[in-house]
Amino acid sequence: MDDAAHTTDPAPSPDAALTIDLLVVGAGPTGLIAGLIARRRGLSALVVDPKPGPTRESRAIVVQSRSMEILDQLGLVTPVLEGAQAAGRIRIRQGSPGVGADFAAAQQGDTPFPGARVFEQSRTERLFADALTADGVPVRYGHGLVSFTADPSADEGIEALLEGPEGPVRVRARWLIGADGASSPVRHLLGLPFEGVTDEATFCVADLHGVRGLETGALTARFGRQRFAILFPLGEGGHARLIWLHGGAEPDQEEALAGAREDLGIQYERVDWFSAYRVHHRVAARFRQEPVFLAGDAAHVHSPVGGQGMNTGLQDAHHLVNLVADVASGLREPDQLERYEAERRPVALTLVRIVDRAFGVIARPGRGTAFARRRARDLLAVLAPRLLATPVGRRLGGWLGQYRIHYHPVPDGEPLPHWARDRSVGRRLLPTDANREALRAMTWQLHVVGTDTAERPQVPEAVGGPFFGAGPGRGTGPGRDTAARMLLVRPDGFVAASWPLHADAAAASDVADALRAYGMTPGPAGPSA
């Protein structure tokens, strides 16, 4: 990227408005990565948040495989690999160190980053915020959204009023992303319903040191008479995050920790911090209203079971900002912005439904449920490792790692065109040593499997490639079929279209049909590669 893209945006005078492409409200992981991707894609962006700095007390601590792939695309995966506590197993039975359900093994070959990384949200926020500062657009902490007006017919899109330490600030932007959490002011200002329920259960979270019997490299499930908990290792000295079901009314710290000690057998030396909260299962009625979008917890919330929340928000931002950047550059038609809600809202609905069911089995309060959990504990300790070694286990590993997501290339009910019939279409391209550097460019690209020669079809000049060596993978990503194919890959790494190659060329009509479906027009043909 040229030097101009890294200049710091000047602060506006009190009576002037700052004019940018994208305003991001909320500096949690979702908002921060949205701003970072926007900057890397050449958009002028501003991330604002009323809080004074990165979060300290964070509930989100698990970085799943697909999120690691996104961080790798952004050049930020090394700090997480070096600073996180890797956890590839779940211990279900106490007193059996080194034994457990090995979900990392089930993910081997399907992702470059099998297993989970325990990396606190506060550290994730600092990593993203530092990257934004290095790119010349530091987060404006201490700046809260007061109001905004949206004018879809205007080039600016929205005009927002912020309140900062030095007074009000006006911002004009073509688009606004509300990544401002479950109580989202942006969603409230839009008047969008947040449909769902608040669960009767109370969850507690505590940052503990000197935890006895803590096994690094594994998540540990604890089953009590009335409570259920998961221990997440954070580092040396028995440092761990404990998240547990307390049940009933929201307790104070002493009451909650006493219950964890007595019922769950948790022994520790000191507590850094504690929080209690109710669990919500909700999805916004819309993810987009003209130039305003919702992402992360502002769009969907659910229980912490499975460690999926923050990771889903990161994928929201990755999908959305790449789409916005394509439209801003003129590569795609503005109506393509509808794809964000069409593709990401079904993911949120499915996730909330699945996690809610798991929550009902694992975490509901009550003696009957607690008895069933204890009876199932020993059975799970035997069956879970065996299940993960089967094809079903591989699917579970893909869902847990969030790399099995499938976007439908055409609306439901419409017949699949030729370019969408390959099973790779709508799924993310498996990152490999051969294609990883190309994917880091975050551009539309052509990737070829099954041959080392292919003619570049008539595609826009902004589409890179063709690149070779896209596969094969173990089967969850494109490349399983050894027949020669050309893949059209989106900036977010998902396969948009797939064409068989005949005499090293794709059918021109199929290429043109696919481009039109994604709001693009054919460009000049290129030479053979």
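How many of the residues of S20 are buried? Five of its five residues are buried, and the strand is mostly covered. Buried here means under 20% relative accessible area, exposed over 50%, and partly exposed in between (1.4 Å probe, protein chains only). Helices (H or I, at least four residues) and strands (E, at least two) are DSSP runs, numbered from the N terminus.

The model is predicted: local features need pLDDT of at least 70, side-chain atom pairs count only at pLDDT 80 or more, and totals for chains, interfaces and linings use all residues. Residues are numbered from 1 along each chain as its sequence is written, and side-chain values use heavy atoms, with hydrogens and water left out.

Strand S20 spans residues 445–449. Both of its faces are covered. Gln-445, His-447 and Val-449 lie on one side, Leu-446 and Val-448 on the other, and all are buried. Five bridges join S20 to S22 (residues 485–489), in an antiparallel arrangement. Gln-445 takes part in both pairings. Its bridge partner in S21 is Gly-464, and in S22 it is Val-489.

Strand S21 covers residues 464–468 and contains Pro-466. The peptide bond between Gly-465 and Pro-466 is cis, with omega about 15 degrees. Two residues other than glycine have positive phi values. Met-442 has phi near 50 degrees. Met-442 sits in the loop between H12 and S20 and is buried, at 3% relative accessible area. Gln-402 has phi near 65 degrees. Its place is the loop between helix H11 (391–401) and helix H12 (436–439). Gln-402 counts as buried, at 7% relative accessibility. Most residues other than glycine have a negative phi, and most peptide bonds are trans.

Gln-402 is also one of the residues touched by Thr-312. Contact means heavy atoms within 4.5 Å. Thr-312 lies in helix H8 and is buried, at 1% relative accessibility. Not counting residues up to four places away in sequence, Thr-312 touches His-300, Arg-344, Leu-351 and Gln-402. Thr-312 and Ser-67 are 245 residues apart in sequence, yet their C-alpha atoms are 8.5 Å apart.

The interior was examined next. A nonpolar core is a set of buried Ala, Val, Leu, Ile, Met, Phe, Trp, Tyr and Cys residues joined through side-chain atoms within 4.5 Å. The largest such core holds 78 residues. Leu-23, Leu-32, Ile-33, Ile-177 and Val-186 touch the most other members. Helix H8 (residues 309–328) gives the most to this core, with nine residues. A second, separate core has 29 residues, among them Val-410, Val-489, Trp-499 and Ala-514.

Leaving aside neighbours within four places in sequence, Ile-33 contacts Ile-70, Leu-71, Leu-74, Phe-128, Leu-314 and Ala-317. Ile-33 also takes part in the packing of helix H1 on helix H5.

Helices H1 (residues 29–40) and H5 (residues 121–134) pack at an angle of about 25 degrees, with axes 9 Å apart. Axes are lines fitted to C-alpha atoms, for helices over the stretch in contact, and angles run from 0 to 180 degrees between N-to-C directions. H1 and H5 are therefore roughly parallel to each other, a term for angles under 35 degrees; angles over 145 count as roughly antiparallel, 65 to 115 as roughly perpendicular and the rest as oblique. On the H1 side the contact is made by Pro-29, Leu-32, Ile-33, Gly-35, Leu-36 and Arg-40. H5 contributes residues including Gln-121, Phe-128 and Leu-132. Gln-121 is buried, at 16% relative accessibility. Its contacts, not counting residues up to four places away in sequence, are Pro-29, Thr-55, Ser-58, Arg-59 and Ala-60.

An open sheet of three strands has the order S3-S7-S4, with antiparallel pairing. S3 (62–63) and S4 (85–87) stand at the edges with a single partner strand each, so one side of each lacks a neighbour in the sheet. Three bridges join S4 to S7 (residues 116–118). Ala-86 stands opposite Arg-117 in S7.

Definitions and conventions: Two strands pair if DSSP finds at least two bridges between them.
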